[in-house]
Amino acid sequence: MAPTIELDGLEVQLGGRTILRSLTGVLDGRAIGLLGPNGAGKSTLINTILGFHTPSEGSVRVLGLDSRRDGKALRALVGYMPETDAFIAKMSGVRFVQYMAELSGLPTDQAMERAHEAFVYVGLGEARYRMVGTYSLGMKQLTKLAQAIAHGLRLLILDEPTNGLDPPARKRLLELICEIREASDICLLLSSHLLRDVEETCDQVLILRDGRIASICNLAEERRTKRKFLEMETCGAEPVFASALQGLGCECALFGNGRMKVVLPDAVEIRDVYKVAAERGVQIRRMNQRRDSLEDIFLNAMEQSGGSNGRI
Amino acid sequence: MAVYKRRYRPYHGPLTPERSRFLVLTRYAFAGLFRSRVFVLLFVLALVPTLFFAAYIFLANNSAVQQFLQFHVAGGFAVENKFFFTLTMIQTQLAFLLNCWVCPTLVAGDLVNGALPLFLSRPFSRPEYVLGKCAVIALLLSVVTWVPGLILFSLQAGLAEGGWTWSHLWMVVPIVCCSAVWISMLSLISLAVSAWVKLRIVATGVIFCAFLVPAGLGAIFNTILGTYWGSLLNFSELFRLILVKGFRLESELVGRAGLPQVPLFAAWIMMILVCVLSLYILDARLQAREVVRG
């Protein structure tokens, strides 16, 4: 089976500026997160996949189809939820989705049925006969999702889907996205500047910075293999304790007043730390264990790719 | 899937042919237009002159009615090329008014709220989008221009005697072709303006201005410099020139002020240039994503 997205030296120039620079990589996850600071090229990559921008060099293949050569065939397999407002104000919600479904090739009666289903599915069943222009921001987002899933898609592209949503609406939208991912063989490409959105929905992440790939990582694998951190407050002989932990292969950082941060290698378990503390007569008054979060992965990628800040 | 079954599944059913998919745009546009009372009123009004022309043909071919109504026209009632020229001229001007109302509603509604990326993220291209919208205008304005022309021609052919049909059959070509030229130019200019301006009411105003302001400037140019080349900016006048040639009304070629008019080839070149410029604007404005230069 072809990978979800293959980037082969992809370069895109817009308005005389190079936005994407020699992107090369294979993304084969079912749910791919697209991360990067503002201006990193996330939306440009999505637009290039959809054929809105033509690569100046290289190519991007989606589900085995070249974006330039097989544009129409590719777009037939894609459902797209854009970041910005995209609707026809003087059309009822269900008719708007039916219209879009018909443009994707569904016969009229099927399109109407699918439009109703999609509207009920996203939770807007009661509002489907209202004009889209009268919808709230959250309802418009859900309408965009409904039009993106009404046809026979294989890849759902979501560009900042939770933008402007309140927490309950955001939670509901993310649940829907996860349901769609679980209930079918649809792949996801989710671009977001909210790391939590990506963390909750994706299993692979492409991090862009200044139009280059900063990192491609498999989130599930990263979570499994990444080192464990311990944040502790201790009382007693901290330097002795720290050197004993270093003897086990841990990395320690002391911050005074008994506060220390320890990075555990895979072979060392928490109980080993307790054991060393007991042997050295050190009290552990507070211990907080955490693994590398997506934020750490993101910040590492930003630093490794030469940036000093990881602001997004 | 029944509505109560909330589990998502993608569509796997049959698809419509790609080649005719642009007609979805046309169908939805017509459905939207005929929901507007203003449009229906304009559309009906645009067909009213045809009824008067039909009545004229009936009268011209019915001496009994003429005697009954005691109509006496010097030279008799003539249904010749001048008649169809006048009909086409009036109907094309009404088509212009109808177009000013219709065209902005077709494009501006899609552009003002950014719906275009949704169209173009489907197996649907920009030329198909333009084709779908142009088809609306072409069908609509055809019903107002050359279709009534052909119906009246058929009416006259049916009522007239003495081989009128065969001697006047050549008029079918200018009725259809000249109307087609006007419709093409109107639709391209109006779509380009609508795509550029995006706001419906403003677009209607700008379409009016796109025809009237250059015509006024051309007239001023002609008056000041004592030339006729300013008429190149008057699209209605250019169309009239083509129509006059098409209907073989050479006597009409002399302008109202007795000045000579622009050569026919210049009129054609100007109209083609305007169409090319409109296509260029459409190409630039109908983008899924705008690119900021610099």
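Helices (H or I, at least four residues) and strands (E, at least two) are DSSP runs, numbered from the N terminus. With that in hand, we can start with chain B, which has 12 helices and zero strands. Read from the N terminus on, its elements run α-α-α-α-α-α-α-α-α-α-α-α. The C-alpha atoms of chain B fill a box of roughly 80 × 55 × 30 Å, taken along the principal axes.

Before going on, here is how to read the names and values. This is a predicted model, in which local features need pLDDT of at least 70, side-chain atom pairs count only at pLDDT 80 or more, and totals for chains, interfaces and linings use all residues. Residues are numbered from 1 along each chain as its sequence is written, chains are lettered from A and ligands numbered from 1 in the order in which they are written, and side-chain values use heavy atoms, with hydrogens and water left out.

Let us look at one pair of helices in chain B. Two packed helices are described by the angle between their axes and the distance between the axes. Axes are lines fitted to C-alpha atoms, for helices over the stretch in contact, and angles run from 0 to 180 degrees between N-to-C directions. Helix H2 (residues 37-60) and helix H6 (residues 126-144) of chain B have axes that come within 9 Å and cross at roughly 40°. H2(B) and H6(B) are therefore oblique to each other; angles under 35 degrees count as roughly parallel, over 145 as roughly antiparallel, 65 to 115 as roughly perpendicular and the rest as oblique. Where they meet, H2(B) brings Phe39(B), Phe43(B), Ala46(B) and Leu47(B), while H6(B) brings Leu140(B), Val143(B) and Val144(B). Contact here means heavy atoms within 4.5 Å. The residues of this contact divide into seven nonpolar, no polar and no charged (Ala, Val, Leu, Ile, Met, Phe, Trp, Tyr, Cys and Pro count as nonpolar, Asp, Glu, Lys and Arg as charged, and the others, Gly among them, as polar).

Now turn to chain A, which is divided into domain 1 (5-219) and domain 2 (227-291); such bounds come from an automatic or database domain assignment. The C-alpha centres of the two domains lie 45 Å apart.

Chain A also has an open sheet, formed by four strands in the order E2-E1-E4-E5 with antiparallel pairing. Two strands pair if DSSP finds at least two bridges between them. Strand E2 (17-27) and strand E5 (65-66) are the edge strands, each pairing on one side only. Helix H1 (residues 42-49) of chain A packs on this sheet, touching E1 (5-14), E2 and E4, and its direction makes about 110° with that of E1(A).

Next come helices H5 (residues 137-149) and H6 (residues 167-183) of chain A, which pack at about 10° with their axes 11 Å apart. That makes H5(A) roughly parallel to H6(A). Leu142(A), Leu145(A) and Ile149(A) in H5(A) meet Leu173(A), Leu176(A) and Ile180(A) in H6(A).

Side chains of opposite charge can pair when their charged atoms come close. Arg170(A) forms a salt bridge (a side-chain nitrogen of Lys or Arg within 4 Å of a carboxyl oxygen of Asp or Glu) with Asp197(A), the closest N and O atoms being 2.7 Å apart. Arg170(A) lies in H6(A) and Asp197(A) in helix H7 (residues 195-201) of chain A, so the pair ties together parts that are 27 residues apart in sequence.
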